[in-house]
Amino acid sequence: MPFITRVRIDNYKSIAHCDVRLGRFTVLFGLNAAGKSNFLDALHFVRDAVTDGPSMAVAERGGVEAVLRRVPVLAASFTIGLEFYMPMAGEEMEPHEGRYEITIAPQADSDTRRSGGAGVRIDHEVCEIRPLSAAGQAGVQRFSLHDRGGKTRQQPRLGLAQRAGDEPFTSLYESLTAMFFYDPSVSVLRHASSAFGKLYEDGGSLGPALAALGNRERDRVSQYLGAIVPGVVEVGPTDPSADYVAARISIATESQAEPHVFRAESMSEGTIRAIGLLTALFQPDARSGWIPLVAVEEPELALHPLAAGALYDALTEASEHVQVLATTQSAELFDRKEANLSAIRVVVTEHGQTVIGEVDPVSRSIVADGLATTAELLRSNQLRPVVDRPGPTLFPDQPEGEE
């Protein structure tokens, strides 16, 4: 089961409304500026808001008016709702499922908005978690918070953060705060690092992270990179016992008996990006379940189109252990018979707003009848999203007040 099974967003950046179901491996496909990144950032916002508070999460994105939908008019608030599945810690605990939703609005104090727009209030927060086997309301644990128009603190804490010490809210808190949003910098990927062997979201500590991989995972990284970069026989860290460790690769050549070793600073941008991506997908915390979701943008960036097949295989293999959510505008990623239309969510712009949905039935029929491949439909921009517009909240029956 994927960790996040459904995402519902209203009035966040370019997204006026979307209701998207996610699988173990889901790819958001759309042209530049369609709004793919905004969908990922909505999930990222939830993580940051739970960890540091909504005010700080909004401030990091340029203020509340930079986050609210602006077309056709500035929205009064935004809502992000999630449905999720949690295995729970310990073999004796059965899996749980639930819903979590927050609504954030600008602080009523006009002086706060003029000072940069970081002041916000929590208009609405609801969480409901139940054992997977429970029927009806049996075993449900929930809380609900509603702001009644009064002023709140400059950096209010979400109710989920306040309940992080009580199960099952502890497991949800830990899962949300452990989501991994991989957004690397090439210069950071090249750096040697003395940090603990855990990959950072900006690509930092790549060398120590490679050293921390198990033998099987490092072999898989090497094999996939060998399919992407011809001649590569091994990927690993420079001397792990040194004070500073970087990534390195060994490339076999016909003119040399021994493979030639290249350090990170000598690698091409595409090669170092591929190593970082593969390390993010196969890192120990993702393989063991401590990281429930890995999100990556444009994984094919700086790679030759012929490398897309190996990249697709790496993403799907990683999704056997961790939920993988990616964005792309490359049709080559799906230029293969195994490419699954059910993994694609089409992202388009209509009247200045982002629309996201599953592939429409006509396109599915075209592919099923062999009239065109998935990649051909993607290249010709003929895929259209199916848009589901349910009620205004994941909790339409939620009473006012706090439970």
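Figure 1. R99 is buried, because its relative accessible area of 19% falls under the 20% cut-off. In this predicted model, R99 forms a salt bridge with E128. The closest N and O atoms are 2.9 Å apart. This pair links distant parts of the chain. R99 lies in strand 5 (residues 96–106) and E128 in strand 6 (residues 120–131), 29 residues apart.

**Figure 2. E128 and R142 across strands.** E128 also counts as buried, at 3% relative accessibility. The side chain of E128 meets that of R142 in a salt bridge, 3.0 Å from N to O. Here too the pair links distant parts of the chain. E128 belongs to strand 6, R142 to strand 7 (residues 141–146), and 14 residues separate them.

**Figure 3. A salt-bridge network.** Shared partners join K13, D41, R47, D48, R61 and E201 into one network of salt bridges. Within it, D48 forms a salt bridge with R47. Their closest N and O atoms lie 3.5 Å apart. Both D48 and R47 are buried. For the whole model, the count comes to 23 salt bridges.

**Figure 4. The hairpin of strands 1 and 2.** Strand 1 (residues 4–12) pairs with strand 2 in the antiparallel sense, over six bridges. D10 stands opposite H17 of strand 2. The two strands form a hairpin with two residues between them. In the turn, K13 has a positive phi of about 55°. K13 is also one of the residues in the salt-bridge network. Why is strand 2 largely enclosed by the rest of the structure? Six of its seven residues (residues 15–21) are buried, so the strand is largely enclosed.

**Figure 5. The largest pocket.** About 520 Å³ of space lies in this pocket. Of the 21 lining residues, P87, M88, S175, G289 and W290 are the closest to the centre. Strand 4 (78–86) and helix 6 (169–177) each supply at least two residues of the lining. Which element gives the most to the lining? Helix 6 does, with three residues.

**Figure 6. Residue classes around the largest pocket.** The lining has 13 nonpolar residues. Another six are polar and two are charged. Among the residues closest to the pocket centre are M88 and W290, which count as nonpolar because Met and Trp belong to that class.

How values were computed
Residues are numbered from 1 along each chain as its sequence is written. This is a predicted model: local features need pLDDT of at least 70, side-chain atom pairs count only at pLDDT 80 or more; totals for chains, interfaces and linings use all residues. Side-chain values use heavy atoms; hydrogens and water are left out. Buried means under 20% relative accessible area, exposed over 50%, partly exposed in between (1.4 Å probe, protein chains only). Helices (H or I, at least four residues) and strands (E, at least two) are DSSP runs, numbered from the N terminus. Two strands pair if DSSP finds at least two bridges between them. On a 1 Å grid over the protein atoms alone, a cavity is a set of points where a 1.4 Å probe fits but cannot get out, and a pocket is an open set with protein on both sides within 12 Å along at least five of seven lines; lining residues have an atom within 4 Å of a point. Grid points are joined across faces, edges and corners, and a volume is the space filled by probe spheres set on the points. A salt bridge is a side-chain nitrogen of Lys or Arg within 4 Å of a carboxyl oxygen of Asp or Glu.
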